[in-house]
Amino acid sequence: MIRRFAKNGIVILASLFVVSLSASAVVSAQSDSDMTSDKLELVKARCSSSQFALQQIEKRDAVSRINRGRAYDQMLRQVSSFNSRFTYNKISAPDLVQLTSDLQTAVDTFRANYDKYDTDISDALKIDCKQKPADYYNMILKARDDRAAVGDEVNKIVDLMAQYRTAIVTYQDKVQ
Amino acid sequence: MSFMPPITKMRRRTRKILHGPKLPLALTGAIMVSFALTIISVVWYNLDGSSKLDLSRPGYEHERTEVLTNDTQKTYDTTSPVTKSAINDFLKEYDGRTKELGSYGSFTEEALDDNNIQLKPQNGGSATQ
(Lines give C-alpha, C1' and ligand atoms only; values in the text may rest on other atoms or scores of the structure.)
Protein backbone atom coordinates (compact mmCIF):
# COMPACT_ATOMS: atom_id res chain seq x y z
CA MET A 1 0.00 0.00 0.00
CA ILE A 2 2.72 2.45 1.05
CA ARG A 3 4.81 1.35 -1.95
CA ARG A 4 1.92 2.09 -4.30
CA PHE A 5 1.53 5.55 -2.82
CA ALA A 6 5.26 6.19 -3.14
CA LYS A 7 5.16 4.98 -6.77
CA ASN A 8 2.22 7.26 -7.56
CA GLY A 9 3.98 10.17 -5.84
CA ILE A 10 7.11 9.66 -7.91
CA VAL A 11 5.07 9.46 -11.11
CA ILE A 12 3.21 12.69 -10.22
CA LEU A 13 6.44 14.50 -9.32
CA ALA A 14 8.12 13.34 -12.52
CA SER A 15 5.13 14.52 -14.62
CA LEU A 16 5.17 17.90 -12.87
CA PHE A 17 8.89 18.22 -13.56
CA VAL A 18 8.42 17.40 -17.26
CA VAL A 19 5.48 19.84 -17.55
CA SER A 20 7.44 22.67 -15.90
CA LEU A 21 10.46 21.99 -18.12
CA SER A 22 8.40 22.12 -21.30
CA ALA A 23 6.59 25.26 -20.10
CA SER A 24 9.89 27.06 -19.50
CA ALA A 25 11.14 25.90 -22.89
CA VAL A 26 8.01 27.33 -24.53
CA VAL A 27 8.44 30.66 -22.71
CA SER A 28 12.11 30.81 -23.67
CA ALA A 29 11.37 29.97 -27.30
CA GLN A 30 8.63 32.58 -27.37
CA SER A 31 10.91 35.34 -26.01
CA ASP A 32 13.59 34.38 -28.54
CA SER A 33 11.09 34.51 -31.38
CA ASP A 34 10.04 38.04 -30.29
CA MET A 35 13.44 39.26 -31.38
CA THR A 36 14.50 39.18 -34.98
CA SER A 37 17.75 37.52 -35.96
CA ASP A 38 19.01 40.98 -37.05
CA LYS A 39 18.46 42.28 -33.56
CA LEU A 40 20.24 39.32 -32.02
CA GLU A 41 23.16 39.84 -34.37
CA LEU A 42 23.25 43.53 -33.48
CA VAL A 43 23.32 42.70 -29.75
CA LYS A 44 26.15 40.23 -30.36
CA ALA A 45 28.13 42.70 -32.44
CA ARG A 46 27.74 45.62 -30.04
CA CYS A 47 27.82 43.59 -26.85
CA SER A 48 30.84 45.31 -25.27
CA SER A 49 29.87 48.87 -26.19
CA SER A 50 26.29 48.27 -25.08
CA GLN A 51 27.40 46.97 -21.70
CA PHE A 52 29.81 49.88 -21.32
CA ALA A 53 26.97 52.33 -22.03
CA LEU A 54 24.78 50.48 -19.55
CA GLN A 55 27.50 50.74 -16.92
CA GLN A 56 27.69 54.52 -17.43
CA ILE A 57 23.90 54.80 -17.10
CA GLU A 58 24.06 52.77 -13.88
CA LYS A 59 26.69 55.12 -12.45
CA ARG A 60 24.71 58.25 -13.35
CA ASP A 61 21.56 56.73 -11.87
CA ALA A 62 23.36 55.94 -8.61
CA VAL A 63 24.23 59.64 -8.28
CA SER A 64 20.60 60.65 -8.93
CA ARG A 65 19.36 58.04 -6.47
CA ILE A 66 21.73 59.22 -3.71
CA ASN A 67 21.01 62.92 -4.24
CA ARG A 68 17.27 62.33 -4.42
CA GLY A 69 17.27 60.06 -1.38
CA ARG A 70 19.08 62.68 0.71
CA ALA A 71 16.81 65.51 -0.47
CA TYR A 72 13.69 63.41 0.20
CA ASP A 73 14.89 62.65 3.72
CA GLN A 74 15.48 66.32 4.43
CA MET A 75 12.10 67.26 2.98
CA LEU A 76 10.35 64.61 5.11
CA ARG A 77 12.11 65.86 8.26
CA GLN A 78 11.05 69.42 7.44
CA VAL A 79 7.38 68.57 6.85
CA SER A 80 7.17 66.22 9.85
CA SER A 81 8.58 68.93 12.09
CA PHE A 82 6.12 71.46 10.73
CA ASN A 83 3.25 69.03 11.31
CA SER A 84 4.46 68.64 14.92
CA ARG A 85 4.38 72.41 15.25
CA PHE A 86 0.73 72.41 14.16
CA THR A 87 -0.06 69.67 16.69
CA TYR A 88 1.81 71.49 19.49
CA ASN A 89 -0.22 74.63 18.78
CA LYS A 90 -3.42 72.57 18.78
CA ILE A 91 -4.20 73.34 15.15
CA SER A 92 -5.94 70.40 13.52
CA ALA A 93 -4.32 69.57 10.17
CA PRO A 94 -5.32 66.03 9.18
CA ASP A 95 -4.72 66.77 5.49
CA LEU A 96 -1.08 67.64 6.18
CA VAL A 97 -0.60 64.46 8.21
CA GLN A 98 -2.17 62.35 5.47
CA LEU A 99 -0.03 63.97 2.77
CA THR A 100 3.12 63.42 4.84
CA SER A 101 2.21 59.77 5.27
CA ASP A 102 1.63 59.47 1.51
CA LEU A 103 4.97 61.14 0.87
CA GLN A 104 6.75 58.71 3.19
CA THR A 105 5.13 55.76 1.43
CA ALA A 106 6.05 57.15 -1.99
CA VAL A 107 9.68 57.69 -0.94
CA ASP A 108 9.86 54.12 0.41
CA THR A 109 8.40 52.79 -2.86
CA PHE A 110 10.87 54.91 -4.84
CA ARG A 111 13.74 53.28 -2.93
CA ALA A 112 12.34 49.76 -3.39
CA ASN A 113 11.70 50.33 -7.10
CA TYR A 114 15.21 51.68 -7.59
CA ASP A 115 16.69 48.57 -5.92
CA LYS A 116 14.70 46.39 -8.30
CA TYR A 117 15.78 48.42 -11.33
CA ASP A 118 19.42 48.44 -10.27
CA THR A 119 19.33 44.67 -9.79
CA ASP A 120 18.08 44.33 -13.40
CA ILE A 121 20.98 46.45 -14.67
CA SER A 122 23.51 44.48 -12.59
CA ASP A 123 22.02 41.22 -13.90
CA ALA A 124 22.19 42.50 -17.48
CA LEU A 125 25.85 43.40 -16.99
CA LYS A 126 26.57 39.88 -15.74
CA ILE A 127 25.12 38.25 -18.88
CA ASP A 128 27.55 37.31 -21.63
CA CYS A 129 25.64 39.06 -24.42
CA LYS A 130 27.81 37.54 -27.14
CA GLN A 131 26.66 34.08 -26.08
CA LYS A 132 23.18 34.97 -24.85
CA PRO A 133 21.96 38.05 -26.75
CA ALA A 134 18.28 37.22 -26.17
CA ASP A 135 18.74 36.93 -22.40
CA TYR A 136 20.59 40.23 -22.37
CA TYR A 137 17.95 42.08 -24.37
CA ASN A 138 15.11 40.58 -22.33
CA MET A 139 16.83 41.83 -19.17
CA ILE A 140 17.09 45.29 -20.77
CA LEU A 141 13.34 45.19 -21.46
CA LYS A 142 12.71 44.28 -17.81
CA ALA A 143 15.02 47.10 -16.68
CA ARG A 144 13.04 49.54 -18.87
CA ASP A 145 9.80 48.56 -17.15
CA ASP A 146 11.35 48.83 -13.71
CA ARG A 147 12.97 52.18 -14.59
CA ALA A 148 9.54 53.44 -15.67
CA ALA A 149 8.23 52.44 -12.23
CA VAL A 150 11.01 54.49 -10.58
CA GLY A 151 10.17 57.45 -12.82
CA ASP A 152 6.46 57.13 -11.98
CA GLU A 153 7.27 57.30 -8.28
CA VAL A 154 9.44 60.40 -8.82
CA ASN A 155 6.47 62.07 -10.55
CA LYS A 156 4.14 60.95 -7.76
CA ILE A 157 6.42 62.56 -5.16
CA VAL A 158 6.53 65.79 -7.18
CA ASP A 159 2.73 65.76 -7.27
CA LEU A 160 2.41 65.07 -3.51
CA MET A 161 4.92 67.81 -2.70
CA ALA A 162 2.86 70.25 -4.76
CA GLN A 163 -0.30 69.14 -2.91
CA TYR A 164 1.42 69.67 0.45
CA ARG A 165 2.47 73.16 -0.60
CA THR A 166 -1.08 74.03 -1.65
CA ALA A 167 -2.41 72.71 1.68
CA ILE A 168 0.11 74.75 3.69
CA VAL A 169 -0.83 77.91 1.78
CA THR A 170 -4.49 77.47 2.78
CA TYR A 171 -3.42 77.51 6.46
CA GLN A 172 -1.57 80.77 5.88
CA ASP A 173 -4.93 82.55 5.69
CA LYS A 174 -6.19 80.89 8.88
CA VAL A 175 -3.29 81.87 11.17
CA GLN A 176 -2.25 85.29 12.42
CA MET B 1 48.89 2.02 26.52
CA SER B 2 45.34 1.79 27.82
CA PHE B 3 42.15 2.22 25.79
CA MET B 4 40.40 5.54 26.30
CA PRO B 5 36.94 6.35 24.91
CA PRO B 6 36.96 9.27 22.44
CA ILE B 7 34.64 11.37 24.64
CA THR B 8 36.99 11.10 27.61
CA LYS B 9 39.91 11.91 25.32
CA MET B 10 38.16 15.02 24.04
CA ARG B 11 37.18 16.08 27.56
CA ARG B 12 40.77 15.72 28.73
CA ARG B 13 42.04 17.74 25.77
CA THR B 14 39.49 20.51 26.39
CA ARG B 15 40.43 20.59 30.08
CA LYS B 16 44.11 20.80 29.12
CA ILE B 17 43.42 23.77 26.83
CA LEU B 18 41.26 25.51 29.44
CA HIS B 19 43.79 25.04 32.21
CA GLY B 20 46.77 25.81 29.98
CA PRO B 21 48.07 29.23 28.91
CA LYS B 22 45.22 31.66 28.30
CA LEU B 23 46.84 33.90 25.65
CA PRO B 24 46.55 31.52 22.65
CA LEU B 25 42.96 30.81 23.63
CA ALA B 26 42.14 34.53 23.84
CA LEU B 27 43.86 35.25 20.52
CA THR B 28 42.03 32.43 18.75
CA GLY B 29 38.74 33.62 20.22
CA ALA B 30 39.37 37.21 19.15
CA ILE B 31 40.26 36.15 15.60
CA MET B 32 37.18 33.95 15.33
CA VAL B 33 34.86 36.68 16.65
CA SER B 34 36.29 39.31 14.28
CA PHE B 35 36.05 36.85 11.38
CA ALA B 36 32.38 36.16 12.17
CA LEU B 37 31.59 39.89 12.54
CA THR B 38 33.31 40.63 9.21
CA ILE B 39 31.25 37.98 7.44
CA ILE B 40 28.02 39.30 8.99
CA SER B 41 28.79 42.92 8.00
CA VAL B 42 29.76 42.00 4.41
CA VAL B 43 26.58 39.95 3.98
CA TRP B 44 24.52 42.78 5.48
CA TYR B 45 26.25 45.34 3.22
CA ASN B 46 25.34 43.29 0.16
CA LEU B 47 21.81 42.36 1.19
CA ASP B 48 20.47 45.71 2.39
CA GLY B 49 21.37 47.50 -0.86
CA SER B 50 24.18 49.65 0.59
CA SER B 51 26.64 48.11 -1.86
CA LYS B 52 24.59 49.44 -4.77
CA LEU B 53 24.87 53.01 -3.53
CA ASP B 54 28.45 52.86 -2.35
CA LEU B 55 30.37 55.31 -4.49
CA SER B 56 33.61 54.76 -2.58
CA ARG B 57 34.22 51.73 -4.78
CA PRO B 58 36.93 51.97 -7.45
CA GLY B 59 35.63 53.32 -10.76
CA TYR B 60 33.22 55.79 -9.15
CA GLU B 61 35.72 58.65 -8.66
CA HIS B 62 33.89 61.04 -10.98
CA GLU B 63 30.43 60.18 -9.59
CA ARG B 64 31.68 60.85 -6.06
CA THR B 65 32.20 64.51 -6.92
CA GLU B 66 28.62 64.80 -8.17
CA VAL B 67 27.03 63.68 -4.93
CA LEU B 68 26.00 66.63 -2.82
CA THR B 69 26.79 66.19 0.83
CA ASN B 70 25.26 68.04 3.69
CA ASP B 71 27.23 67.44 6.85
CA THR B 72 25.11 69.58 9.15
CA GLN B 73 21.73 68.11 10.07
CA LYS B 74 19.30 71.00 10.30
CA THR B 75 17.04 70.97 13.33
CA TYR B 76 13.52 72.37 13.08
CA ASP B 77 11.52 74.26 15.66
CA THR B 78 8.47 72.22 16.62
CA THR B 79 7.09 74.31 19.50
CA SER B 80 6.93 77.94 18.34
CA PRO B 81 3.57 79.38 17.26
CA VAL B 82 2.42 78.81 13.69
CA THR B 83 2.39 82.28 12.18
CA LYS B 84 2.25 83.66 8.65
CA SER B 85 5.94 84.44 8.85
CA ALA B 86 6.72 80.87 10.04
CA ILE B 87 4.78 79.49 7.07
CA ASN B 88 6.65 81.84 4.74
CA ASP B 89 9.98 80.64 6.11
CA PHE B 90 8.83 77.06 5.69
CA LEU B 91 7.76 77.67 2.09
CA LYS B 92 11.05 79.39 1.25
CA GLU B 93 13.05 76.33 2.25
CA TYR B 94 10.46 73.95 0.77
CA ASP B 95 10.53 75.69 -2.61
CA GLY B 96 14.32 75.64 -2.58
CA ARG B 97 14.24 71.89 -2.05
CA THR B 98 11.67 71.40 -4.81
CA LYS B 99 13.96 73.34 -7.15
CA GLU B 100 16.96 71.29 -6.04
CA LEU B 101 15.07 68.04 -6.72
CA GLY B 102 14.22 69.27 -10.20
CA SER B 103 17.91 69.44 -11.04
CA TYR B 104 18.49 65.72 -10.39
CA GLY B 105 17.92 62.92 -12.87
CA SER B 106 14.28 61.87 -12.86
CA PHE B 107 14.66 58.35 -14.29
CA THR B 108 13.06 59.08 -17.63
CA GLU B 109 12.45 56.13 -19.93
CA GLU B 110 14.62 57.47 -22.77
CA ALA B 111 17.85 56.69 -20.90
CA LEU B 112 17.52 53.01 -21.77
CA ASP B 113 16.51 53.53 -25.38
CA ASP B 114 18.23 51.30 -27.93
CA ASN B 115 20.02 54.41 -29.13
CA ASN B 116 21.49 55.13 -25.69
CA ILE B 117 22.64 51.59 -25.10
CA GLN B 118 24.28 51.33 -28.52
CA LEU B 119 21.70 48.92 -29.92
CA LYS B 120 20.19 51.07 -32.65
CA PRO B 121 20.92 49.80 -36.15
CA GLN B 122 22.92 52.32 -38.16
CA ASN B 123 23.12 53.01 -41.92
CA GLY B 124 19.52 51.98 -42.52
CA GLY B 125 20.01 48.53 -41.00
CA SER B 126 17.07 46.21 -41.29
CA ALA B 127 16.90 45.27 -37.63
CA THR B 128 13.53 45.96 -36.12
CA GLN B 129 13.14 47.81 -32.84
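This is a predicted model: local features need pLDDT of at least 70, side-chain atom pairs count only at pLDDT 80 or more; totals for chains, interfaces and linings use all residues.
1. Overall make-up of chain A. Chain A has 5 helices and 0 strands. Its pattern, followed along the sequence, is α-α-α-α-α. Of its 176 residues, 27% count as buried.

2. Helices α3 and α4 of chain A. Helix α3 covers residues 47-88 of chain A and helix α4 covers residues 94-126. The two pack at an angle of about 165°, and their axes are 10 Å apart. An angle over 145 degrees counts as roughly antiparallel, which is why α3(A) is described as roughly antiparallel to α4(A). The crossing of α3(A) past α4(A) is left-handed.

3. Residues between these two helices. On the α3(A) side, the residues that meet α4(A) include Gln51(A), Leu54(A), Arg65(A), Tyr72(A), Leu76(A), Val79(A) and Phe86(A). On the α4(A) side, they include Leu96(A), Val97(A), Leu103(A), Arg111(A), Tyr114(A), Ile121(A) and Leu125(A). Sorted by class, this contact has 13 nonpolar, 7 polar and 4 charged residues.

4. The contact between the chains. Chain B gives 45 residues to the contact and chain A gives 52. On the side of chain B that touches chain A, the elements that give two or more residues are α3 (61-66) and α4 (84-102) of chain B. The largest share of that side comes from α4(B), with 10 residues. By class, the side of chain B that touches chain A holds 21 nonpolar, 15 polar and 9 charged residues.

5. The crossing of α3(A) and α4(B) is left-handed. From α3(A), the contact is made by Arg68(A), Ala71(A), Gln74(A), Met75(A), Gln78(A) and Phe82(A). From α4(B), it is made by Phe90(B), Glu93(B), Tyr94(B), Arg97(B), Glu100(B) and Leu101(B). The classes here come to 6 nonpolar, 2 polar and 4 charged residues.

6. The largest nonpolar core. This core has 38 residues, and Ile140(A) and Ile157(A) touch the most other members. Elements of both chains give two or more residues to the core: α2 (37-45), α3, α4 and α5 of chain A, together with α4 of chain B. The largest share, 11 residues, comes from α5(A). Leaving aside residues up to four places away in sequence, Ile140(A) touches Ala124(A), Leu112(B) and Ile117(B).

7. Met139(A). This residue is in helix α5 of chain A, which spans residues 133-172. Is Met139(A) buried or exposed? A residue needs 20 or more other C-beta atoms within 10 Å to count as buried, and Met139(A) has 21, so Met139(A) is buried. Apart from residues up to four places away in sequence, Met139(A) touches Asp120(A), Asp123(A), Ala124(A) and Ile127(A). Met139(A) and Asp123(A) are 16 residues apart in sequence, and their C-alpha atoms are 7.4 Å apart in space. Ala124(A) is also touched by Ile140(A).

8. Two residues to check by eye. Lys90(A) is not a glycine, yet its phi is positive, at about 55°. Lys90(A) is in the loop between α3 and α4 of chain A. It has 7 other C-beta atoms within 10 Å, so Lys90(A) counts as exposed. Phe107(B), which is not a glycine either, has a positive phi of about 55°. Phe107(B) is in the segment after α4 of chain B. Because Phe107(B) has 25 C-beta neighbours inside 10 Å, it counts as buried.

Key: Residues are numbered from 1 along each chain as its sequence is written. Chains are lettered from A and ligands numbered from 1 in the order in which they are written. Two residues are in contact if their C-beta atoms, placed from the backbone, lie within 7 Å. Helices (H or I, at least four residues) and strands (E, at least two) are DSSP runs, numbered from the N terminus. Ala, Val, Leu, Ile, Met, Phe, Trp, Tyr, Cys and Pro count as nonpolar, Asp, Glu, Lys and Arg as charged, and the others, Gly among them, as polar. Axes are lines fitted to C-alpha atoms, for helices over the stretch in contact, and angles run from 0 to 180 degrees between N-to-C directions. Angles under 35 degrees count as roughly parallel, over 145 as roughly antiparallel, 65 to 115 as roughly perpendicular and the rest as oblique. A crossing is left-handed if the near helix is turned anticlockwise from the far one by less than a right angle, and right-handed if clockwise. A residue is buried if 20 or more other C-beta atoms lie within 10 Å of its own, exposed if 12 or fewer, and partly exposed in between; C-beta atoms are placed from the backbone. A nonpolar core is a set of buried Ala, Val, Leu, Ile, Met, Phe, Trp, Tyr and Cys residues joined through C-beta atoms within 7 Å.
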